[in-house]
Amino acid sequence: MAKMKVEEQRKQRTKMSGALMLIEALKAEKVEVIFGYPGGAVLPIYDKLYDSGLFHVLTRHEQGAIHAAEGYARISGKPGVVIATSGPGATNIVTGLTDAMMDSIPLVVFTGQVASNVIGSDAFQEADVLGITMPITKHSYQVRDIQELPKIIKEAFHIATTGRPGPVLIDIPKDMTTAEGEFDYEQDVHLPGYQPTVHPNHLQIRKLVEAVSQAKKPVILAGAGVLHANASHELRQYAEQQNIPVIHTLLGLGGFPANHPLFLGMAGMHGTYTANMALYECDLLINIGARFDDRVTGNLKYFAPNATVAHIDIDPAEIGKNVPTKIPIVSDAKEALKELIHQDGKRPDITAWLAQLAEWKTNYPLAYQNDAQTVKPQKLIEMIYELTNGEAVVTTDVGQHQMWTAQYYKFNRPHRWVTSGGLGTMGFGLPAAIGAQLADKHATVVSIVGDAGFQMTLQELSVIQELNLPIKVVIVNNQSLGMVRQWQEIFYDKRYSHSLVPNQPDFVKLAEAYNIKAFRAKTEEEAKEVLKQAFSLSEPVLLDFHVKADENVYPMVAPGKGLHEMVGVKPCDESLQ
Amino acid sequence: MTVNNRPGVLNRITGLFTKRHYNIESITVGHTEIEGISRMTFVVNVEDERTAEQITKQLNKQIDVLKVNDITDQAIVARELALIKVAVNSTVRQEIYTLIEPFRASVVDVSRDSLVVQVTGEPEKIEALIDLLKPYGIKEVARTGTTAFTRGAQKNAVSYKTPFII
């Protein structure tokens with residue numbers, strides 16, 4: 001009987017076009033914002049979007065759309081949704097897809113495609129998007145039967161947001177958007193090949209509890225997995241319960257409060273002395289949701305050489321990939337931490353270890369020599385930190401400004417930090433800030449970018465102005481590709497091959513051309529003044545800081561070196577001269 | 001390994017091997033007894049256990065991959081088919097017939113100056129036959145690559161010589 005009723009309901013369903021199905025599906029998924037750019041192959045979709053009531057942000061480049069979607073996803077915890085047209089529209093999102101794949105950001109991306117009957121004929125604006133994006137998506141689909149569209153969209157949202165999050169792409173041939181079919185979005189997702197392990201194995205948890213109880217020098221390395229699992233609270237609870245110090249990866253920042261006494265700072269190439277030495281000296285390393293990236297570990301030969309390694313990760317392929325692991329725990333970070341807290345194991349006796357860590361913290365803090373006649377980039381970040389009480393949402397590109405921000409902006413809250421970590425994408429920060437602001441309308445959003453990266457996606461200023469998003473765009477302007485210049489200074493005998501860019505536009509005038517208020521500062525005093533002014537305004541502001549151009553990021557673990565071989569630990573370190 | 005028989009699935013798998021820098025020795029693909037599900041058998045040379053484990057895990061992450069089984073160290077039935085075109089003249093033709101007999105190979109095509117031998121078996125057996133036929137002049141070889149099953153009974157599992165089969 002019940003079956004017949006369902007059948008009847010199905011029959012009653014009116015047919016609708018693929019484009020309308022897409023709109024209906026997005027509504028069913030409660031999508032708040034779509035980032036996109038129209039074009040020939042997606043015209044039927046945009047036609048249905050026109051009076052759908054859905055909020056669509058027209059970025060000025062598809063790369064802007066996908067980075068904005070990443071920023072939105074990172075702050076809201078919901079999947080970012082992107083629409084791009086076929087061919088160039090789709091190829092313009094390739095960088096963003098890769099970025100999202102590397103940093104496990106949930107996205108559902110729709111690309112238009114030429115009509116089914118001309119696919120493969122090198123038609124106008126045709127590109128093999130499925131082929132191009134296969135290695136840079138968690139999964140992808142091409143719609144070949146209109147009846148499958150609702151199921152595909154439903155699966156895409158499920159796959160993007162569960163397990164280890166990531167981007168899912170749906171390529172829709174134009175004829176599929178006009179073809180009609182029945183819209184059934186009630187069906188359950190059934191994917192036999194995709195069953196992420198969410199709950200930890202109890203035996204493995206017991207092993208970890210045992211290892212912790214016997215550890216003399218334990219340390220937790222927490223990555224973005226903690227943030228994706230919304231497990232900041234549990235991480236803190238567990239670290240406090242067991243009295244274990246915590247280190248963050250770049251992407252994990254904010255997962256554990258930076259002002260907590262158990263926090264040792266960021267690990268890796270530009271991490272703190274204490275964090276890196278703790279990783280080198282520890283006897284038990286508990287990795288929670290980090291993937292042992294090479295920028296974190298340095299030379300693997302010297303990475304945690306005396307430690308028993310435990311690794312909690314929702315992606316089994318990350319466990320043992322780079323670092324041999326004694327205690328593998330495949331699990332969602334929150335579930336594993338809850339279980340560990342529940343076990344309430346014996347607290348290890350680590351008085352000596354804590355004393356050692358405290359000594360390092362006191363003797364080797366992050367440090368720089370200030371010079372008030374210029375704007376020191378580190379000082380700039382500190383000023384922004386103080387002005388925003390460490391509460392702002394901060395986005396960055398990649399490079400020197402990113403490292404200084406990671407070092408000197410102390411994130412005490414989770415989900416405030418949006419940066420391109422794994423892929424290291426220039427031009428990420430500005431569009432990501434748009435998404436971040438839309439995800440949290442009341443947040444103070446600061447986009448800290450370099451002068452070079454800014455010029456890769458600056459067209460999105462137009463969107464910021466149009467939507468009057470009160471984003472503060474901070475350009476750390478050293479008239480160079482700072483990190484490239486730094487490496488050339490240190491490793492290439494100061495041969496600054498194509499890294500110095502003194503020829504640049506007047507960024508203040510440029511912002512004004514976009515009808516955005518802008519200020520410039522060249523000394524600390526000026527910087528203080530313009531920052532105060534900017535943050536008192538509830539509208540977008542662009543700030544061009546001419547920072548000391550030859551400033552380098554320290555401390556630093558040179559490529560190929562172990563974490564314990566840091567240079568530039570003290571500002572007066574001879575190796576800096 | 002069993003996979004959903006969807007467009008692009010082979011591309012996904014081979015792309016993964018390329019991306020992660022693994023070399024494929026051979027692949028075979030075909031339908032299974034279940035509609036919509038295909039079986040793929042890969043032979044991959046790896047340096048250590050860890051790499052084998054990593055490949056298995058990466059394959060498992062693919063949504064369309066249903067089951068991955070590393071059968072390197074299991075008791076298995078592994079078969080490959082090869083077609084070998086050998087240069088012949090009337091004087092050696094009969095000799096080849098005799099030569100291939102212990103291999104349970106058969107001649108499937110004969111022409112004035114060549115014949116085609118079909119042989120099925122484990123890769124080693126095929127190698128051996130090719131070696132034997134080489135002196136006559138091999139014109140062409142077509143091999144299918146290994147396809148394999150685990151044996152019904154696993155009692156006397158021995159380490160299989162081919163490094164890594166999934």
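This is a predicted model: local features need pLDDT of at least 70, side-chain atom pairs count only at pLDDT 80 or more; totals for chains, interfaces and linings use all residues.
Trainee: Hi! How many aromatic pairs are there over all chains?
Mentor: Hello! The count comes to 15 aromatic pairs. One of them is formed by A:Phe183 and A:Tyr185, and that pair is stacked.

Trainee: What are the numbers behind "stacked" for A:Phe183 and A:Tyr185?
Mentor: The rings are 5.6 Å apart, centre to centre, with 10 degrees between the planes. Stacked needs planes under 30 degrees apart, so this pair qualifies.

Trainee: Is A:Phe183 buried or exposed? And A:Tyr185, buried or exposed?
Mentor: A:Phe183 is buried, at 14% relative accessible area. A:Tyr185 is buried too, at 7%.

Trainee: Which charged end sits over the ring of A:Tyr185?
Mentor: That of A:Lys154, 5.1 Å from the ring centre.

Trainee: New topic! What kind of aromatic pair do A:Phe454 and A:Phe507 form?
Mentor: An edge-to-face one, with 80 degrees between the planes and 5.5 Å centre to centre.

Trainee: Where in chain A do A:Phe454 and A:Phe507 lie?
Mentor: A:Phe454 lies in helix 20, residues 451–457, and A:Phe507 in helix 23, residues 507–513. The pair therefore ties together parts that are 53 residues apart in sequence.

Key
Residues are numbered from 1 along each chain as its sequence is written. Chains are lettered from A and ligands numbered from 1 in the order in which they are written. Side-chain values use heavy atoms; hydrogens and water are left out. Rings of Phe, Tyr and Trp (its six-membered ring) pair if their centres lie within 6.5 Å; planes under 30 degrees apart count as stacked, over 60 as edge-to-face and the rest as tilted. Buried means under 20% relative accessible area, exposed over 50%, partly exposed in between (1.4 Å probe, protein chains only). Helices (H or I, at least four residues) and strands (E, at least two) are DSSP runs, numbered from the N terminus. A charge sits over a ring if NZ of Lys or CZ of Arg is within 6 Å of the ring centre and within 35 degrees of the ring normal.
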